[in-house]
Protein chains: 4
Amino acid sequence: MKKRKIVAVTGIRSDYDLMTPVYREIDKHPHLDLELIVTGAHLSEAYGYTVKEIEKDGFKIAERIESLINGDLASSRVKGLAIQLQGMVQTTDRIRPDILLVLGDREESITTALIGSYMNIPVAHVAGGDKVIGNVDDQVRHAVSKLAHIHFTTNKESTERLKKLGEESFRIFNVGNPGLDRIKDVPVLSRKVLSNRLNFEINDNEPLLVVIQHVISTEIEQAYDQMKATMEAINELGYKTIISYPNSDAGGQQMIKAINEYSHKPFIHIQKNIPRLEFINLLRKASCLVGNSSAGILEAPFLKLPVVNIGNRQKGRLHADNVQFVNHDKQEIINAIKKALFDIDYRKQVANCINPYGDGNAAKRIVDILATIPLEKKLLIKEITY
Amino acid sequence: MKKRKIVAVTGIRSDYDLMTPVYREIDKHPHLDLELIVTGAHLSEAYGYTVKEIEKDGFKIAERIESLINGDLASSRVKGLAIQLQGMVQTTDRIRPDILLVLGDREESITTALIGSYMNIPVAHVAGGDKVIGNVDDQVRHAVSKLAHIHFTTNKESTERLKKLGEESFRIFNVGNPGLDRIKDVPVLSRKVLSNRLNFEINDNEPLLVVIQHVISTEIEQAYDQMKATMEAINELGYKTIISYPNSDAGGQQMIKAINEYSHKPFIHIQKNIPRLEFINLLRKASCLVGNSSAGILEAPFLKLPVVNIGNRQKGRLHADNVQFVNHDKQEIINAIKKALFDIDYRKQVANCINPYGDGNAAKRIVDILATIPLEKKLLIKEITY
Amino acid sequence: MKKRKIVAVTGIRSDYDLMTPVYREIDKHPHLDLELIVTGAHLSEAYGYTVKEIEKDGFKIAERIESLINGDLASSRVKGLAIQLQGMVQTTDRIRPDILLVLGDREESITTALIGSYMNIPVAHVAGGDKVIGNVDDQVRHAVSKLAHIHFTTNKESTERLKKLGEESFRIFNVGNPGLDRIKDVPVLSRKVLSNRLNFEINDNEPLLVVIQHVISTEIEQAYDQMKATMEAINELGYKTIISYPNSDAGGQQMIKAINEYSHKPFIHIQKNIPRLEFINLLRKASCLVGNSSAGILEAPFLKLPVVNIGNRQKGRLHADNVQFVNHDKQEIINAIKKALFDIDYRKQVANCINPYGDGNAAKRIVDILATIPLEKKLLIKEITY
Amino acid sequence: MKKRKIVAVTGIRSDYDLMTPVYREIDKHPHLDLELIVTGAHLSEAYGYTVKEIEKDGFKIAERIESLINGDLASSRVKGLAIQLQGMVQTTDRIRPDILLVLGDREESITTALIGSYMNIPVAHVAGGDKVIGNVDDQVRHAVSKLAHIHFTTNKESTERLKKLGEESFRIFNVGNPGLDRIKDVPVLSRKVLSNRLNFEINDNEPLLVVIQHVISTEIEQAYDQMKATMEAINELGYKTIISYPNSDAGGQQMIKAINEYSHKPFIHIQKNIPRLEFINLLRKASCLVGNSSAGILEAPFLKLPVVNIGNRQKGRLHADNVQFVNHDKQEIINAIKKALFDIDYRKQVANCINPYGDGNAAKRIVDILATIPLEKKLLIKEITY
């Protein structure tokens, strides 16, 4: 039996982290072959040159496509998208995969979906149907869903939304969030080891905050002020805090500037990029996650971690009882963190919250479907259901 | 009052023809400025170098973006899309339009929608919500609808479909098909003048067939055979027939090959490209339109012209009673053409058909909305309705 | 011993034909591995989709890079160059060849040279140092020589010119023209077989003309008129004539138009593209080669074939006594062809001409050097000699 | 009289600084119009987003072409070159300049030269004929010279080199370095004002070092170690030192890392980017310029400033008696700086050195030629002189 060639596209460490369990499962499957197209932020020194982690993990890299423009203009991101698309056509034409696989709502997702659509190659899309208002990513995610041929959703709400979008039922599979698969497998680091690796002393007997905040594409101009409000709150609270850089979207440089204004504070520790192993252990040890990272929505409830979500980025998203939503307002942020740290009732509620994003077995489900779904004309010819 | 700058994108004569009434109306409006981005097939000698017609029409051309790859592979079209996107980012960044305007479901529509989405410029999209199964264009059209900010639909059915797709009602305007606006205004040419211009004798007392057939992206391999079946039917019937070349999609070269195998037949006349004036007058004089052109669906009922639609390209599309649908089968095609020419009941039915695509006043409606719709944040931040 | 990986770049049938002997020799060499980057006109249906011949020949194709813009503007060619460059960076980064190999003065040569220079990979360039005034290709060839690290010249004059250009002697090897290697090996076709293959009757007892004419980049506007003059001469002479299409440069479409105006003449036979086997046998049988093809300069003297070279394209180039140079003037062309066919003294002179472009053993020389030249820093760091 | 449209291309602050006097002079000329294409590092936040300075200076910007890849690989630079080329074709096609103008040996110079050559637009190139071994820029500069149509050299040696390269004499004009024009016009800042602007106290009675060091393309791997050696020397000397970031070439990030390891030293002041006004005044006040900036070769002798040039970047370049050449060796660097600061004979020699790069009136000469050189066919058709 001829193996199916799966080409997965990854553009940034965050999506790579979520998809790693799926990649591993494909690699283990006797009837599937995996190759990765590595692009975007992975190839930029400024974002940690994370292709090195992929190499270390041992996956086969089919191509490296540099696509990130060194610019912070509104146009930079979509120009990078065009460059990525131009390069990826060439790779896809060379490899002729049986299935293209991609997650989420970043540039990679729409470039992959366009290539599959025009080149008649089925596109399997992970995490479609989610809803996050206020960001170009939201519209891109829905556009990708209209182009993709196989949908792996992470929750029931998104599954229903895809059906409403006119996607045929036979294309949709609610598998849960593959990111959770990985948390289970991450080895536990001791406090001491973790402190050493981060080069920052973590103690058991004092609060530890973790801050991750990204730009919203419709609020690029406010990027600096938004980050500044968070930093002022952190500064006033004075608890040990570990801050990770925003991702490579336009406006990110402004945020980094705001962060670095506090780089001299002894209780603040800034990391360009926190490797997965350290990151999960950090979440296990943290008292509260602050910012607007999707980890707060998707992974924190699995770990029963309180989250203070700031601003519009995750607004309207399906979430568990571990999240407080606040505005970009110093005092609101302070109050919410204090509640997360000290309000006993609230902390009990978080400890008992139910995770709507699955059971940590998504990868296995995805790979079974990739291996068996009939690659016939019906899969390629999409028909809106109304 | 500052004028609104409308940048419209056109990639091929067919979309340009449909949109010309809108462009004219914008040009006349006291509060709107129009600039065109001309790209794709317009700049190719092989497709008639139709940018010359645009120049002659006097519209302001903001940029010419060569994007068409001289290739017929599955990859050629999406590579051209990438090149177009890369160029259009630059132009948009330079001009900073208030609104981007585009029609349909070709490469131009998705590149324009992506640029508007990422650069926070409202995109007005004409003819969204239509449904044509079996073609990548169908999926692209729906993806564009998920990205665009203002929808000008051409019929009630499409309007309803956009609402089901989760588009907010305030964004959707059923204006009718602007292509019909133009038919009304096209001057009538006498039989003799038309014959001279086409360099082919047309008589009033004998049947006249017009053939326009394009490739379906999921059936590229069959392009030659499909065209061949049509040509065999035309050859067997032996009526005067005018054939126009397919558009620039992959597979088109194969179709042209099949067409040219009959170039020596005296009753067959091949034209690379029929200018609008001649084309409308040809439809007025024709006994039947054969192939899979959207003109058969959209414009023929306005002219009460029988249509034999071959294959899947227009399948499932809202249409009037003037269309017979047949397969790529010589005998079926022959039978349907004979019915269209000689079946008195059928011809009566066509003469009385009702056009579902509006009243020929779309341009005025579109331009009124472009001039007055509030360009506020609400327009840019899309929220799916479920 | 680790094999050296040679990546050769080919963009059009004409350069592929010249380089095939070298490719074969590399393929046979125990210490060299060959991969081809196929780009440009090779991938265009309009130019014969000649990648198929490469596949048939069995060379390993590392990548297909579509780069040809479907346009005839002054900008089309350099835009295609940019697209090719963008794609080739990706391929080179993936393969990391030990040496890049390219011939001539087309887009491929400068893109390859730039990539090698910036990515620190030695570039071996074939046919540098030649001089052909009046064409952008001439300037590009010299620019490539300033970038390339190893020069394989085809004649003594070019070798001396490279030295004057400041190229270090250790980089320059006069190996002769590899195109001649191939002529020796091309099997002889009988008149009858050749006639059948070309679908055109060739007789031994009547003159046979072969016409190949290309555009000059500085005379694009005159392309139609230039071809027209040639065609009028051919038409007036009325001898059997086989005409091959021009290559894919801007203006070529205009030439094709002029050619096709004579397509109905029974003594004229038009071929989009003549495969190598048939082409060499055609030259063996032809009475005279007409136009401005480099074959007249490079290969015809090897075959003792009279050449009427029209216009500026090969002007100033080192040539043997088989070439008459004429202007784009119908009468001059007619006179020169008549002399080539009937002037006994002239025909004797041609029969005795000496070929300045080597002995048909270039491939072997090139490959020996590719296999043994030390790939050290000295090779990469070029130092102009003055 | 129709004005000549000059389109100048600038990609980084360093070339912009040198060319500003020329731009000003063109702007003032009654028969010339100037438009700038701004690309490369100018549009990157990481390199100071220097397009803002251009806007402030009031030049007309025809286009902004983002081209810098956010990457540090060997491929990043040439990929950016391809992107720049693809964008610049579009701009040039739109504007159709009478002359393209560019300086130096960076990506902009070769992209501009290629566009002019293929699109038949004369290219005026500033600073051709220079010789700097060990860098891809050197080969690129010579390649540009083979493509450009008008040469403005900055010194006699380069003029002679261009003639040897086969460039026709009528194309070559020795005008001197336009960068010197500007030094004359830069207003003098007091020590106090300068200290304030740099946010770093400068004193008259203690040594002041200025360090600018860039990557050599053939020594990317050594970038970190090379910068480290310099920084160790600076650290050991302990004098007040102002350090400017390297430019955007591959490897620059590594250098920045080495620099930042000393950011906490009180006597070291790091600036991402020093505006021209402050930079010239800094050179006026400095005791010694250290690194490998071309300012040490070109401008320092005009200011009688001692220079310690480290490594290969400026090796072999025409220079005055103010430069000491040393290796990337801490002790060598220390010794040379000490000699520059304290050796009375040496300091006298520097004070009397003669500048081989002209008299500071280059801009006027360049502009006179741009305004009057006949734009005829002879200018476009280059003929190598041997």
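This is a short chat about a predicted model.

Reader: How are residues and chains labelled, and which pLDDT cut-offs apply?
Author: Residues are numbered from 1 along each chain as its sequence is written, while chains are lettered from A and ligands numbered from 1 in the order in which they are written. The model is predicted, so local features need pLDDT of at least 70, side-chain atom pairs count only at pLDDT 80 or more, and totals for chains, interfaces and linings use all residues.

Reader: How many residues of chain A are in contact with chain C?
Author: 8 residues of chain A are in contact with 8 residues of chain C. Contact means C-beta atoms, placed from the backbone, within 7 Å.

Reader: Which element of chain A gives the most there?
Author: H3(A), with 5 residues. Helices (H or I, at least four residues) and strands (E, at least two) are DSSP runs, numbered from the N terminus.

Reader: New topic. At what angle do the axes of H1(A) and H16(A) cross?
Author: Roughly 45°, and the axes come within 9 Å. Axes are lines fitted to C-alpha atoms, for helices over the stretch in contact, and angles run from 0 to 180 degrees between N-to-C directions.

Reader: What does that make the two helices, H1(A) and H16(A)?
Author: They are therefore oblique to each other. Under 35 degrees is roughly parallel, over 145 roughly antiparallel, 65 to 115 roughly perpendicular, and the rest oblique.

Reader: Which residues of H1(A) make the contact?
Author: Pro21(A), Val22(A), Glu25(A) and Ile26(A).

Reader: And how far apart are the end C-alpha atoms of residues 24–370 of chain A?
Author: They lie 13 Å apart.

Notes: Two residues are in contact if their C-beta atoms, placed from the backbone, lie within 7 Å.
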